[in-house]
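Q: I'm new to reading protein models. Could you walk me through the features one at a time?

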Amino acid sequence: TAYQGSGVGIAVIDSGVSPHTDLKDRIVYSESFIPAKAGQSAGDAVKDWFGHGTHIAGIVAGNGASSTRLDGKKPLKGMASLANIVNLRVLDEYGSGYDSDVIDAINRAISLKKKYNIRVINLSLGRPVFDSYLNDPLCLATEKAWKSGIVVVVAAGNYGRNNFVGNEGYGTIAAPGNDPYVITVGAMKHAGTGTRVDDTMASYSSKGPSQLDHVVKPDLVAPGNRVASLMPL
């Protein structure tokens, strides 16, 4: 269980996490930073109405309980199938949100760190870089989490095909993935084999260096194409 996340809390700051079978009893805390709609219950307010957060939570910690493999192989599990999920909803049903809500969610994860043994924050979101990471409030919030002892993992972004200034997608790392204190992850695609020699980068994955500060990013890459995970129930 040392490599399955037992007893570890992972804060998923995203569009919410619905109580899927594969995450049963391991969503230990839920809070929405999106204003509740009229008549919406507290339980519905923290659910995933966009679909992204639950998908991410499944990759992170799904236990494979609902997966059926016709080939007889092991069920599809997340990377840390015994970890607990701290669900902090900051994106609405359209996948949009505000920096202020993300910052509030990061601060909440810091405040809950001891109670839920939060060791990782997952931020599979981002927006364009508007300022140096030294001044950007979103980046500064991630650094605060890092200083508190939490590993912050951030998506590189999906702007790798962006050629609006003729740079062929270079310099498109999204914030807060441009911050050197976070682990920024790009996307690659596999060829359906067990070896890495035929893996290639996904064309949409944002490329470094970061704008303004020229930080070398991403820090690593991981499979991003055809990844099976959970749908909101």
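This is a predicted model: local features need pLDDT of at least 70, side-chain atom pairs count only at pLDDT 80 or more; totals for chains, interfaces and linings use all residues.

Q: How many aromatic pairs does the structure hold?
A: Rings of Phe, Tyr and Trp (its six-membered ring) pair if their centres lie within 6.5 Å; planes under 30 degrees apart count as stacked, over 60 as edge-to-face, and the rest as tilted. There are 2 aromatic pairs here. In one of them, the ring centres of Tyr29 and Tyr116 are 5.8 Å apart and the planes sit at 50 degrees, so this pair is tilted. Tyr29 belongs to strand 2 (residues 27-32) and Tyr116 to helix 4 (residues 113-116), so to speak two distant parts of the chain, 87 residues apart. As for the names, helices (H or I, at least four residues) and strands (E, at least two) are DSSP runs, numbered from the N terminus.

Q: What kind of aromatic pair do Trp146 and Tyr181 form?
A: That one is edge-to-face, with 4.6 Å centre to centre and 65 degrees between the planes. Trp146 is in helix 5, and Tyr181 is in the loop between strand 5 and strand 6 (183-189), so the pair ties together parts that are 35 residues apart in sequence. Trp146 is partly exposed at 41% relative accessible area, and Tyr181 also counts as partly exposed, at 34%.

Q: Which residues of helix 5 are buried?
A: In helix 5 (residues 137-147), look for Leu138, Cys139, Ala141, Thr142, Glu143 and Ala145. To see what they pack against, you look for contacts, meaning heavy atoms within 4.5 Å. These buried residues pack against helix 3 (99-111), strand 4 (118-123) and strand 5 (151-155).

Q: What happens at the start of helix 5?
A: Here you need the polar contact: a pair of N or O atoms within 3.5 Å; within protein, one must be able to donate a hydrogen and the other to accept it, and residues adjacent in sequence count only if both atoms are side-chain atoms. A side-chain oxygen of Asp136 comes to within 2.8 Å of the backbone nitrogen of Leu138. After helix 5 comes Gly149, with a positive phi near 100 degrees.

Q: Which residues of helix 2 are buried?
A: They are Gly53, Thr54, Ile56, Ala57, Gly58, Val60 and Ala61. That makes 7 of the 10 residues of helix 2 (residues 52-61), so the helix is largely enclosed by the rest of the structure. The cover over these buried residues includes strand 1 (9-14), strand 3 and strand 4.

Q: Where is Asn87, and what does its side chain reach?
A: Asn87 is in strand 3 (residues 84-89), and it is buried, with a relative accessible area of 0%. Its side chain reaches the backbone nitrogen of Val17 at 3.1 Å. A polar atom of the Asn87 side chain also lies 3.0 Å from the backbone oxygen of Val46.

Q: How many salt bridges are there in the whole structure?
A: Side chains of opposite charge can pair when their charged atoms come close. The cut-off for a salt bridge is a side-chain nitrogen of Lys or Arg within 4 Å of a carboxyl oxygen of Asp or Glu. A search of the whole structure finds 6. One of them joins Glu93 and Lys37 at 2.6 Å, N to O. That pair links distant parts of the chain, 56 residues apart.

Q: Are Arg127 and Asp136 buried or exposed?
A: Both are buried. They form a salt bridge, with the closest N and O atoms 2.9 Å apart. Asp99, Arg127 and Asp136 are linked in a network of salt bridges.

Notes:
Residues are numbered from 1 along each chain as its sequence is written. Side-chain values use heavy atoms; hydrogens and water are left out. Buried means under 20% relative accessible area, exposed over 50%, partly exposed in between (1.4 Å probe, protein chains only).
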